[in-house]
Amino acid sequence: MPIPHQPGRAPARLKDRPTWLISRAYVRSSGLLNAGFEAHGGGLRGYHYRLLAALEEWGPASQADLGRSTGIDRSDVTAALTELESRNLIERTVDPENKRRNIVTLTPEGVERLQDLDIVVGTIQDELLAPLTVTQRRQFIALMSRLLDDSAQTQ
């Protein structure tokens with residue numbers, strides 16, 4: 001006789017498959033990130049954080065380059081940058097070499113806000129990885145990085 005349906009339970013043929021586990025971990029991590037930004041992001045979201053982090057790490061860039069480097073769609077980048085600019089977190093200037101292009105630069109206020117968001121994201125990482133020891137966390141990150149690095153090389 002079949003076991004009745006129970007919420008949150010996976011069929012036996014799925015429960016140990018890496019693709020299933022990764023997708024479930026993604027759902028959990030996305031939920032934590034969304035809730036964390038909702039509660040402590042001051043109206044900003046994960047994609048804003050990605051844009052600020054990219055500008056801080058790699059320096060000024062065109063809007064198109066920012067979209068490509070962060071994996072954010074071009075139209076979404078424009079809207080997100082408009083919001084960041086309205087908060088004085090970034091500045092857009094016309095590229096002197098190509099007048100049709102804007103160069104985006106992080107402002108000092110943007111650096112400060114990014115540091116605040118680092119704390120929010122760090123807290124979320126701790127919550128997500130709470131069941132793991134420090135050693136297990138390092139192993140998990142190393143294994144996930146290896147999977148992603150390997151995946152990028154085969155595409």
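Predicted model: local features only at pLDDT ≥ 70, side-chain atom pairs only at ≥ 80, totals over all residues.
Residues are numbered from 1 along each chain as its sequence is written, and side-chain values use heavy atoms, with hydrogens and water left out.

Q: What span is expected for helix H2 at 1.5 Å a residue?
A: Helices (H or I, at least four residues) and strands (E, at least two) are DSSP runs, numbered from the N terminus. Helix H2 covers residues 18-40 and has 23 residues. The expected span of a helix is 1.5 Å times one less than its number of residues. H2 reaches 32 Å from its first C-alpha to its last, close to the expected 33 Å.

Q: Which helices are included in what covers the buried residues of H2?
A: Buried means under 20% relative accessible area, exposed over 50%, and partly exposed in between (1.4 Å probe, protein chains only). The buried residues of H2 are Ser29, Ser30, Leu32, Gly36 and Phe37. Their cover includes helix H3 (46-58) and helix H6 (108-128).

Q: Which residue just after H3 takes a positive phi?
A: The 13 residues of H3 should span 18 Å at 1.5 Å a residue, and its end C-alpha atoms are 18 Å apart, which agrees. Its buried residues are His48, Tyr49, Leu51, Leu52, Ala54 and Leu55. Just after H3, a positive phi of about 85° is taken by Gly59.

Q: How many residues in the contact of H3 with H4 are nonpolar, polar and charged?
A: H3 and H4 pack at an angle of about 105°, with their axes 10 Å apart; axes are lines fitted to C-alpha atoms, for helices over the stretch in contact, and angles run from 0 to 180 degrees between N-to-C directions. The two helices are therefore roughly perpendicular (65 to 115 degrees; under 35 is roughly parallel, over 145 roughly antiparallel and the rest oblique). Contact (heavy atoms within 4.5 Å) is made by Arg50, Leu51, Ala54, Leu55 and Trp58 of H3 and Leu66, Ser69 and Thr70 of H4. With Ala, Val, Leu, Ile, Met, Phe, Trp, Tyr, Cys and Pro as nonpolar, Asp, Glu, Lys and Arg as charged, and the others, Gly among them, as polar, the residues divide into five nonpolar, two polar and one charged.

Q: Which residues of H4 and H5 make the contact between these helices?
A: Helix H4 (residues 63-70) and helix H5 (residues 74-86) pack at an angle of about 110°, with their axes 9 Å apart. That angle makes H4 roughly perpendicular to H5. The contact is made by Gln63, Leu66 and Gly67 of H4 and, from H5, Val77, Thr78 and Leu81.

Q: What is the relative accessible area of Asn88?
A: Asn88 lies in the loop between H5 and strand E2 (90-95). Although Asn88 is not a glycine, its phi is positive, about 65°. Asn88 is partly exposed, and its relative accessible area is 39%.

Q: How far apart in space are Thr105 and Ile90, C-alpha to C-alpha?
A: Thr105 is in strand E3 (residues 98-106). Leaving aside neighbours within four places in sequence, Thr105 is in contact with Pro60, Leu89, Ile90 and Glu91. Thr105 and Ile90 are 15 residues apart in sequence, and their C-alpha distance in space is 5.5 Å.
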